[in-house]
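The exercises below are meant to be worked through with the sequence and the coordinates side by side. Try each task before reading the solution that follows it.

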Amino acid sequence: MEMFFDWIAEEGLMDLPISNKNFTWSNLWEDLSLAKLDRVLIDPEWEETFPMCSLRGLPWAHVRRNLKDEEVDSYLSLLELLQEVAVDHGRLDEIVWSPKPYEGFSIRSCYAWLRRDIPATSIIARKYKELWGCHIPLKVKAFMWTLYLDKVLMKLHIVTWNPGINTTCALCSVKEESAEHLFVRCVVARRVWGWLEEAYGMNASFSTAEELWATGNAL
């Protein structure tokens, strides 16, 4: 940090002032520490050109969002876990991999932990094996797995924290953009699947994402 401060001084830069805050960070401990972490650096020429510019920090209430209904149980579970945590001020911190505390972290133990609640005969376990066993680029596997879990960032996801956006599909401009619509139901997607059916004999008779995975065409 000292080198960074020296560079600021050498370049003759200054902080654009924050009109309603002196600090932007606090550790919230009894031994209170305050700091200004969010900085916008300007040079004298910029200040002369725009002399009335300043920053204004948002209060905490503006950046905090309410919990969704499906998040409440997880939040309460977290509070219960935190109540059981005891801090030993006489010991140094150390990293412990709880599934294998005496053996330490390994990819094998992490894989087993991730699949701990998934029955080996379940559909998701079968799809997991089919997908990650394919000889295709890793980034394609990661995208397909994210798509299967409906975690690909679509407009219907974004609208939950940015209510003002237009959720219409970017391809057809008719329906709302969800993963199932964009990859299965959209008229543009249907044309692509039709071409693949004609060229490679793929079964394109599906109408939902689940049916798409059932046919095996997704892989």
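**Exercise 1.** In which loop does Asp38 lie, and between which strands?

*Solution.* The model is a predicted one, and in it Asp38 lies in the loop that runs between strand S3 (34–35) and strand S4 (41–42). The next step is accessibility: with a relative accessible area of 48%, Asp38 is partly exposed, because the class of exposed residues begins only over 50%. Turning to its surroundings, and setting aside residues up to four places away in sequence, Asp38 touches Ile18 and Thr24. Phe23 is 15 residues from Asp38 in sequence, and the two C-alpha atoms are 8.7 Å apart in space.

**Exercise 2.** Locate Arg56 and determine which residues Arg56 is in contact with, leaving aside neighbours within four places in sequence.

*Solution.* Begin with the loop between helix H2 (44–49) and helix H3 (60–63), where Arg56 is found. Its relative accessibility is 65%, so Arg56 counts as exposed. Once the neighbours within four places in sequence are left out, the contacts of Arg56 are with Ile18, Ser19 and Asn20.

**Exercise 3.** How many aromatic pairs does the structure hold, and is the pair of Trp145 and Tyr148 stacked or tilted?

*Solution.* The structure holds eight aromatic pairs. One of them joins Phe4 and Phe5, whose rings are 6.1 Å apart from centre to centre with 45° between the planes, an arrangement that is tilted. Phe4 is partly exposed at 36% relative accessibility, and Phe5 is likewise partly exposed, at 41%. Trp145 and Tyr148, by contrast, form a stacked pair, with 5.7 Å between the centres and 25° between the planes. These two residues are three apart in helix H7 (residues 138–148), so about one helical turn separates them. Both Trp145 and Tyr148 are buried. Finally, ring pairs link Phe4 and Phe5 with Trp7 into a cluster.

**Exercise 4.** Which side chains meet in the salt bridge, and at what N to O distance?

*Solution.* As a starting point, side chains of opposite charge can pair when their charged atoms come close. The structure holds one salt bridge, in which the side chains of Arg185 and Glu180 meet at 3.1 Å, N to O. Arg185, at 45% relative accessibility, counts as partly exposed, and Glu180 is partly exposed too, with a relative accessible area of 28%.

**Exercise 5.** What does helix H10 span from its first C-alpha to its last, and over which ring does the charged end of Arg190 sit?

*Solution.* Helix H10 (residues 187–200) has 14 residues and reaches 20 Å between its first and last C-alpha, close to the 20 Å expected at 1.5 Å a residue. Just after H10 comes Gly201, which takes a positive phi of about 70°. The charged end of Arg190 sits over the ring of Phe206, 5.0 Å from the centre of that ring.

**Exercise 6.** How many helices and strands does the protein have, and what share of its residues is buried?

*Solution.* The protein has eleven helices and four strands, and buried residues make up 18% of its 219 residues. Its accessible surface comes to about 17600 Å², of which 58% belongs to carbon and sulfur atoms.

Terms used
Residues are numbered from 1 along each chain as its sequence is written. This is a predicted model: local features need pLDDT of at least 70, side-chain atom pairs count only at pLDDT 80 or more; totals for chains, interfaces and linings use all residues. Side-chain values use heavy atoms; hydrogens and water are left out. The expected span of a helix is 1.5 Å times one less than its number of residues. Rings of Phe, Tyr and Trp (its six-membered ring) pair if their centres lie within 6.5 Å; planes under 30 degrees apart count as stacked, over 60 as edge-to-face and the rest as tilted. Buried means under 20% relative accessible area, exposed over 50%, partly exposed in between (1.4 Å probe, protein chains only). A charge sits over a ring if NZ of Lys or CZ of Arg is within 6 Å of the ring centre and within 35 degrees of the ring normal. Contact means heavy atoms within 4.5 Å. A salt bridge is a side-chain nitrogen of Lys or Arg within 4 Å of a carboxyl oxygen of Asp or Glu. Accessible areas come from the Shrake-Rupley method with a 1.4 Å probe; for residues, only the protein chains shown count as cover.
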